[in-house]
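Me: Could you please go through this protein with me? I would like to ask questions as they come up.

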Amino acid sequence: MTNHRTRIQEYIAAHPGEHFNAITRALDLAPGQTQYHLKKLRTSGQIVEERLYGRTHYYTPEYDAWERGAIAVFRRETARDILFALVENGPSRPASVADDLEIARSTLEWHLDHLLEQGLVKKQRNKYNHVTLVMAEPDKTIQLMDEITPTLSDKMLDRFTRLVDTLLAEES
C-alpha cells in the first residue's frame, strides 16, 4: 500500500465519518490524489463510504449503518448540542431546547429531521398533541458521541448558521 493510502486509511480510522474535503485538507493532499486512494481503499473493502446530508463520509468497516448515520450527524456541532441538551435535561420540549441553545426553531427542526432519521431522537406526543423530544438510544448514543468531535470547518459552518439566525431574529 502506498504511503498516501496508508495515511488516508489511518486518518479515517482515527476520524470516522470525516468527509472528503476534511480528509484532503488534513492530510495536505491534492483532491485527485485523495479521490484515487479513497477509491482504491473502498474497492478493497478497507473503508466504507456513506453519502448523507450533502457530504460523503468515510468509515472503517467495523461501523454498522446506525453508527455511520449517527457519526455523520455528530459531525454537526448543533446536532451534538441538541443531543447534549437532551442528555443533560432529559426529555424536553422543542421550544425549550431551542431557547437553551439560543438557536432558531427552524435550525432546531433542520437538525431534528436528521436526528430523527438516524434514530437518535424520537418525538413523543401527549394527549394534547404536545411534542417532547426523547433520546431513542441514550446509552449507545452517549458512548458513540464520546468518540467523535466535529472538525473545525463543521464547527464554523454551524456557528455561521447560528449567527445568521441571530441576526435574522433581531430584524424581526
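**Helix 2 and beyond**

Reply: D28 comes directly after helix 2 and has a positive phi, near 55 degrees. Helices here are DSSP runs of H or I with at least four residues, strands are E runs of at least two, and both are numbered from the N terminus. The model is a predicted one, in which local features need pLDDT of at least 70, side-chain atom pairs count only at pLDDT 80 or more, and totals for chains, interfaces and linings use all residues. Residues are numbered from 1 along each chain as its sequence is written, and side-chain values use heavy atoms, leaving out hydrogens and water.

Me: Which residues of helix 2 are buried?

Reply: In helix 2 (residues 20-27), the buried residues are A22, I23, T24 and L27. Buried means under 20% relative accessible area, exposed means over 50%, and partly exposed lies in between, with a 1.4 Å probe and protein chains only.

Me: What do the buried residues of helix 2 pack against?

Reply: They pack against helix 1 (3-14), strand 1 (18-19), helix 3 (31-43) and strand 3 (55-59). Contact means heavy atoms within 4.5 Å.

Me: How many helices and strands does the protein have?

Reply: There are nine helices and five strands. Along the sequence, their pattern is α-β-α-α-β-β-α-α-α-α-β-β-α-α.

Me: What share of the residues counts as buried?

Reply: The share is 42% of the 172 residues. As for contacts with a separation of 6 or more, 57% of them involve residues 24 or more positions apart.

Me: New topic: at what angle do the axes of helix 4 and helix 8 cross?

Reply: The axes of helix 4 (residues 65-74) and helix 8 (residues 138-147) cross at roughly 60 degrees and come within 10 Å. Helix 4 is therefore oblique to helix 8. Axes are lines fitted to C-alpha atoms, for helices over the stretch in contact, and angles run from 0 to 180 degrees between N-to-C directions. Angles under 35 degrees count as roughly parallel, over 145 as roughly antiparallel, 65 to 115 as roughly perpendicular, and the rest as oblique.

Me: Which residues make that contact?

Reply: Helix 4 contributes W66, E67, A70, I71 and F74, while helix 8 contributes K140, T141, L144 and M145. By class, the contact of helix 4 with helix 8 has six nonpolar, one polar and two charged residues. Ala, Val, Leu, Ile, Met, Phe, Trp, Tyr, Cys and Pro count as nonpolar, Asp, Glu, Lys and Arg as charged, and the others, Gly among them, as polar.

Me: How many salt bridges are there?

Reply: The count comes to five salt bridges, each being a side-chain nitrogen of Lys or Arg within 4 Å of a carboxyl oxygen of Asp or Glu. One of them joins the side chains of R68 and E50, at 2.8 Å from N to O. Since R68 lies in helix 4 and E50 in strand 2 (residues 48-52), the pair ties together parts that are 18 residues apart in sequence.

Me: Is R68 buried or exposed?

Reply: R68 is buried, as its relative accessible area is 15%.

Me: Which residues are linked in a network of salt bridges?

Reply: The network links R42, E49 and R51. Within it, the side chains of R42 and E49 meet at 2.9 Å, N to O. R42 counts as partly exposed at 32% relative accessibility, and E49 is partly exposed at 22%.

Me: What about E109 and K123, which also meet in a salt bridge?

Reply: Their side chains meet at 3.2 Å, N to O. E109 lies in helix 7 (residues 105-117) and K123 in strand 4 (residues 121-125), so the pair ties together parts that are 14 residues apart in sequence.
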